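Colleague: Hi! Could you walk me through the ligand site in this one? I'd like to get my bearings before we go on.

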Amino acid sequence: MDQNCVFCRIIAGQSPSEMVYEDDQVVAFLDLNPAAPIHVLIVPRDHIPSINHITSDQEALIGHLFTTAKQLADSNGIAKSGYRLIMNSGPDALQTVFHIHLHLLGGGQMRFPMG
Ligand code: AMP
Ligand code: ZN
C-alpha cells in the first residue's frame, strides 16, 4: 500500500468511495467525475503505478480486471447496448492517478474517433 496513492487509501477504507464490487484481487467504485451515465473504475488491490509496471506474473490479475468489467457491464444492463474500457498510461494519455485502473464507460452513445 502506498499512503500517497488515493486508490490505495480507498482500497484500505481510509478514503471514501462508492464501492460497487470487491473481491480478493480487485475492487470497483464509481468515478468521482463521471464521463458517461455509467462510469466505474476497476482497480487491482496491488499498487501497480502504470501499464509500464505490469509484470508477466500479473497477467492473470490483468485478465481478472476484464472479466470483472464484463460482469459489471452485465449487472449494469449495458452488456448488449455496449460500453468502452479504457486504461490510460502516462502524460500523453492524461493518466492522473498512478495506480492502474480500467474505466468502464457506458449507458449512452460514445463518440469516435478517440484521441
Ligand atoms: P486517469 O486519468 O485514467 O488516471 O483516471 C483517473 C480517474 O480517477 C478520473 O476519471 C477521476 O475522476 C477519478 N478519480 C480521482 N480521484 C477519485 C476518487 N477519490 N474517487 C473516485 N474517482 C476518482
Ligand atoms: Zn495505489
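**The ligand site**

Modeller: Happy to! Ligand 1 sits in the largest pocket. Keep in mind that this is a predicted model.

Colleague: Nice. What volume does the largest pocket have?

Modeller: The volume of the largest pocket is about 930 Å³. Its lining is made up of 31 residues.

Colleague: Which of those lie nearest the centre of the pocket?

Modeller: Nearest the centre are Asp-31, Ala-35, His-39, Asn-88 and His-103.

Colleague: And which helices or strands supply the lining?

Modeller: At least two residues each come from α1, β2, β3 (38–44), β4 (83–86) and β5 (102–106). The most come from α1, which gives 3 residues to the lining.

Colleague: How does the lining divide by class?

Modeller: The lining of the largest pocket has 18 nonpolar residues, 9 polar ones and 4 charged ones.

Colleague: OK, on to the ligand itself. How many residues surround ligand 1?

Modeller: There are 16 residues around ligand 1, and the closest are Asp-31, Asn-88, Leu-94, Thr-96 and His-103. Asp-31, Asn-88 and His-103 also belong to the residues nearest the pocket centre.

Colleague: Which backbone atoms lie close to an oxygen atom of the ligand?

Modeller: Thr-96 has a backbone N or O atom 2.8 Å from an oxygen atom of ligand 1. For Val-97, a backbone N or O atom lies 3.0 Å from an oxygen atom of the ligand.

Colleague: And what about side chains? Where does His-101 come in?

Modeller: An N or O atom in the side chain of His-101 is 3.0 Å from an oxygen atom of ligand 1.

Colleague: Good to know. How much of the ligand does the protein bury?

Modeller: Ligand 1 taken alone exposes 500 Å², and the protein buries 83% of that.

Colleague: Switching topic: what should I know about the backbone at Leu-94?

Modeller: Leu-94 has a positive phi, about 65°, although this residue is not a glycine. You'll find Leu-94 in the loop between β4 and β5. For context, most residues other than glycine have a negative phi.

Colleague: Got it. And where is there a cis peptide bond?

Modeller: The cis bond joins Phe-112 and Pro-113, with omega at about 5°. Pro-113 is in the segment after β5. Most peptide bonds are trans.

Note on methods: Residues numbered from 1 in each chain as written. Chains lettered and ligands numbered in written order. Predicted model: local features only at pLDDT ≥ 70, side-chain atom pairs only at ≥ 80, totals over all residues. Heavy atoms only, no water. Near = heavy atom within 4 Å. Polar contact = N/O pair within 3.5 Å; in protein donor to acceptor, adjacent residues only side chain to side chain. Areas by Shrake-Rupley, 256 points an atom, 1.4 Å probe, with all protein chains shown as cover. 1 Å grid on protein atoms, 1.4 Å probe; cavity = no way out; pocket = protein on both sides within 12 Å on 5 of 7 lines; lining within 4 Å. Sits in = over half its atoms within 2 Å of the grid points. Points joined across faces, edges and corners; volume = space filled by probe spheres on them. Helix = DSSP H or I, 4+ residues; strand = E, 2+ residues; numbered from the N terminus. Nonpolar A, V, L, I, M, F, W, Y, C, P; charged D, E, K, R; others polar.
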